[in-house]
Amino acid sequence: MLDCGQWFHKKLNLILFAVCLHAMPLVGHASGITSNDIFSEDHATLSGREYVLTKKAQHMAALFDGTAPNGIRVIEFRQTVRIRDVMLKDEPLPPRHLRPLYIHARASKIAMSECELIVQQLANHCALYQIDVQKRSEGKYLLIAQLAFNTLGHRIDTSHPDNSSYMDAMVDLSLNNEGIEVHSDHLHTARADYYGRAKMVCDAVRKSFGSCVVETIYFETRPTVGNDPRRVYLTARAQLGALVDQTVTLEQLRRVAASGFLTTP
Amino acid sequence: MQKLVFAFVGLLVGYLVLEYDVIGMAGSNATPEDPSQLLVVGPDGHEAPGTIVAADAPKVFFAKDIFDNPDQLTAVETLADFEFVEQVEGCRFTPPSVGMALANVQVATGGGDSSVYAYSETDMANDLIDWISATTNGQETDIGEKIALRPVGKVNVAVTDSTQILYLVLQSSQSGVIWHIHKMPETRIARVAVIANGTAGVIGLDPAIPVEYLDVSQNEQCVQPDRNPRALPDYDYGREVSRKESYDLSRQRDMRFRQYSTWFLSQFGVPSETTLIGIAKASHVIVGPVPEADAPRLSYVPMDGQTVRVTKNDLVYISPSPEAATTHALSAYSNLLEQASGGRVETITPAPIARDQ
């Protein structure tokens with residue numbers, strides 16, 4: 001669809017350009033708001049402030065809902081895979097033109113093996129939320145999976161948010177900020193370690209403030225200074241969310257989270 | 001003020017009527033005298049409707065000036081059989097001999113549909129990748145919807161040049177094509193080279209004429225046919241293309257074209273743009289002159305009862321019947337999906353897992 005500027009440029013018609021500019025808001029194009037936004041049930045019956053509060057409450061409820069994984073709590077998992085990584089033992093390699101299909105068809109299985117690590121360390125349930133496979137050079141593929149999970153711990157009543165406030169904090173799980181040095185073929189062991197650390201810091205927050213969920217964990221790799229290019233540092237940061245008393249400060253939350261590292265698992 | 005508004009609205013309505021042909025005034029016109037007016041610009045260059053024959057670029061003619069039965073061109077046809085032929089090895093074709101003239105034909109894709117329904121493993125794999133991507137990202141998609149029953153494209157080749165011994169080089173860059181050859185008496189074809197990017201076939205040729213095939217989709221080391229992007233019309237992508245993106249795209253196309261041109265020169269002894277016949281999407285091409293107004297024209301011979309010589313590649317199924325193709329395709333797609341998933345199709349959309357209590 002053309003906007004008024006493009007249309008004007010094509011047609012060179014000043015009068016119609018003016019008409020177009022006036023007409024656009026009527027069809028909801030220039031404003032960027034769709035008819036769904038305007039006429040949705042929530043919006044039609046609630047004031048703007050109430051709408052925002054309702055949406056916020058729904059988000060809170062989903063965030064602290066421990067019953068099932070959902071797209072609010074997601075860990076993004078990336079892995080470079082080659083055709084050999086997805087083949088079964090003794091299974092012959094497929095012809096070259098079928099290899100992308102084999103990688104796509106088996107990518108979910110690789111992602112779910114990460115889910116197994118997540119439920120061992122951190123969550124009650126884990127599910128595949130989204131997955132993308134991108135072709136790289138030299139027969140490599142980058143698998144990017146988003147895994148939804150629910151944090152271990154009790155469900156928290158979020159129906160009275162006025163008594164407490166939601167606070168989130170980014171916590172460095174790498175301690176010394178150097179990360180875990182690991183061979184790139186064994187990143188999963190380092191990630192498992194970080195999942196365990198995320199649980200420890202969240203447990204500490206929950207113990208002090210009554211609630212905590214791990215919202216997401218971000219991983220980063222960077223090369224080591226040694227000669228082996230396959231060895232990397234893996235660092236991780238976790239975003240924690242908690243419903244805390246309104247007097248609690250972010251600094252307090254971070255301090256308590258950091259104390260979780262001192263806890264014996 | 002009210003009069004001004006009425007006048008303005010009147011002007012506006014008049015403009016819209018003329019601009020968008022609301023009352024069908026343009027439709028009342030006869031076909032334009034210049035066939036090039038019927039060309040449209042697509043992503044790969046010019047595209048022609050089924051009534052147009054492409055000659056050496058940028059010339060185009062009406063099919064009625066070349067074929068004496070142009071109404072037959074779009075008739076549904078039934079093939080008798082398929083014959084599978086091997087592909088050349090190492091991207092190498094037999095070079096033209098002394099005395100042969102190269103007829104250099106290239107399209108991106110066939111404008112017409114052949115009566116050949118074919119599935120190669122590569123086609124199926126691409127369809128299944130689309131289905132897996134949609135399914136794993138929460139879109140409920142019926143696998144049947146992804147099975148596109150696509151007829152292989154077709155291009156009619158009208159050969160009218162009786163002054164030379166021809167070496168036909170038939171190239172398609174975007175998809176497989178069936179080349180349907182129609183010869184004027186006295187014309188001589190010594191050899192044919194088919195370079196395709198998918199299933200390719202030739203029909204209507206004397207079986208004694210040697211034909212060599214190359215499907216670049218099956219031979220990664222071979223370069224796919226391409227045209228000089230500088231000689232192509234600008235295409236409106238329908239979206240904003242930044243200057244950098246535009247530069248990158250044209251640079252990529254330039255590089256692809258140069259690679260192809262170098263390879264073509266090494267095989268056939270002339271650059272790939274030499275007297276290039278065809279446009280991006282054409283249903284018919286002509287090799288040679290258009291018959292004089294009072295001279296006999298070419299008779300279009302339908303494909304009915306003829307044998308198509310097609311490339312032996314990873315073709316899974318080929319049929320002249322769309323119904324048979326659909327039935328076979330469903331089981332062929334299911335088998336390939338099962339094989340690709342390691343025998344467990346359900347692992348493609350895995351259920352959530354729970355912690356051991």
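This is a predicted model: local features need pLDDT of at least 70, side-chain atom pairs count only at pLDDT 80 or more; totals for chains, interfaces and linings use all residues.
Residues are numbered from 1 along each chain as its sequence is written, while chains are lettered from A and ligands numbered from 1 in the order in which they are written.

**Helix packing across the contact**

- Helix H7 (residues 99-121) of chain A packs on helix H2 (residues 121-136) of chain B at about 20°, with the axes 9 Å apart.
- Axes are lines fitted to C-alpha atoms, for helices over the stretch in contact; angles run from 0 to 180 degrees between N-to-C directions.
- Helices (H or I, at least four residues) and strands (E, at least two) are DSSP runs, numbered from the N terminus.
- The crossing of H7(A) past H2(B) is left-handed (the near helix is turned anticlockwise from the far one by less than a right angle; clockwise would be right-handed).
- H7(A) contributes Pro100(A), Leu101(A), His104(A), Ala105(A) and Ser108(A) to this contact.
- H2(B) contributes Ala125(B), Leu128(B), Ile129(B), Ile132(B), Ser133(B) and Thr136(B).
- Residues are in contact if their C-beta atoms, placed from the backbone, lie within 7 Å.
- The contact of H7(A) with H2(B) has 7 nonpolar, 4 polar and no charged residues (Ala, Val, Leu, Ile, Met, Phe, Trp, Tyr, Cys and Pro count as nonpolar; Asp, Glu, Lys and Arg as charged; the others, Gly among them, as polar).

**The whole contact between the chains**

- Chain A gives 26 residues and chain B gives 25.
- On the chain B side, H2, helix H5 (322-340) and strand E19 (353-354) each supply at least two residues.
- H2(B) supplies the largest share of that side, 8 residues.
- The side of chain B that touches chain A has 12 nonpolar, 9 polar and 4 charged residues.

**Strand pairing between the chains**

- Strand E2 (residues 123-135) of chain A pairs with E19(B) in the antiparallel sense over 2 bridges (pairing requires at least two DSSP bridges between the strands).
- Cys126(A) has Ile353(B) as its bridge partner in E19(B).

**A sheet within chain B**

- An open sheet of 4 strands runs E6-E10-E12-E14 (chain B), with parallel pairing.
- Strand E6 (100-107) and strand E14 (211-215) of chain B are the edge strands, each pairing on one side only.
- Neighbouring strands are turned by 15° against each other on average, direction ignored.
- Strand E12 (residues 188-196) of chain B pairs with E14(B) in the parallel sense over 5 bridges.
- Ala196(B) has Asp215(B) as its bridge partner in E14(B).

Key
Two residues are in contact if their C-beta atoms, placed from the backbone, lie within 7 Å.
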